[in-house]
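My notes follow the structure.

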Amino acid sequence: ELCVDHLSGLGHQRIAFVTATRRDTFSVKYRIAGLYAAAERRGMADNAIYIMECFDQGKTLAHYQETFRKLVFENRITAFIAAESGVCAYLYQLFSSMNMKVPGDLSLLSFDKPLTEVKNPDFFTHINQSEFLMGKEAGNILLRRLEQRDMNVYHKIIAPTLEVHYSTGAVVL
């Protein structure tokens, strides 16, 4: 929802969600549900969200150029959300190979901070899921179980945050 809210606020009305896994994967299923819920809450068109699953980063950039050219020029997609940081880095390279500017021609954001040799990681707008804090909390629970024989079930929510950087911008008409 953070992604759609941010992109919609920049004027994006057609957004593609790209994932390397299948849409019925636990985390991907809930991310997609969040995208649809945010689009509906914002009054976006029924076809505002386009889903591309099983995206293969092992393919050459040329393999996907025509597909993405159609998404941008025929389907009028102006923003891309990558479900995985590696997909985000690949998409950035793909758009660069097609002489498309991020941002400018397109906006691109990711779940987790992309690590890439092509661009400074602080360039990418991304969802910070606080992996370090999650690991620390899990370690504390495990330690409590071992030291205090505490076998209670704990449910802790660590809210994700959107870190806005340079890979997203307003729609240019």
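Below are my entries on this model.

**Entry 1, the model.** I am working from a predicted model.

I looked for a cis peptide bond. I found one joining V102 and P103, with omega at about -15°. I then placed P103 in the loop between α4 (85–97) and β4 (107–111).

I checked C54. C54 is not a glycine, yet its phi is positive, about 55°. I located C54 in the loop that runs between β2 (49–52) and α3 (61–73). Its relative accessible area is 45%, so I logged C54 as partly exposed.

I checked R76 next. R76 is not a glycine either, and its phi is positive at about 60°. R76 sits in the loop between α3 and β3 (79–82). Is R76 buried or exposed? Its relative accessibility is 54%, and the cut-off for exposed is over 50%. I therefore logged R76 as exposed.

I moved to the loop between β1 (15–18) and α2 (26–41), where T19 lies. T19 has 0% relative accessibility, so I logged T19 as buried. Which side chain does the T19 side chain meet in a polar contact? I found the side chain of E84, at 2.7 Å.

I then listed the contacts of T19, leaving aside neighbours within four places in sequence. The list reads V28, M52, E53, C54, F55, A83 and E84.

Technical notes. Residues numbered from 1 in each chain as written. Predicted model: local features only at pLDDT ≥ 70, side-chain atom pairs only at ≥ 80, totals over all residues. Heavy atoms only, no water. Helix = DSSP H or I, 4+ residues; strand = E, 2+ residues; numbered from the N terminus. Buried < 20%, exposed > 50% of the residue type's maximum accessible area, 1.4 Å probe, protein only. Polar contact = N/O pair within 3.5 Å; in protein donor to acceptor, adjacent residues only side chain to side chain. Contact = heavy atoms within 4.5 Å.
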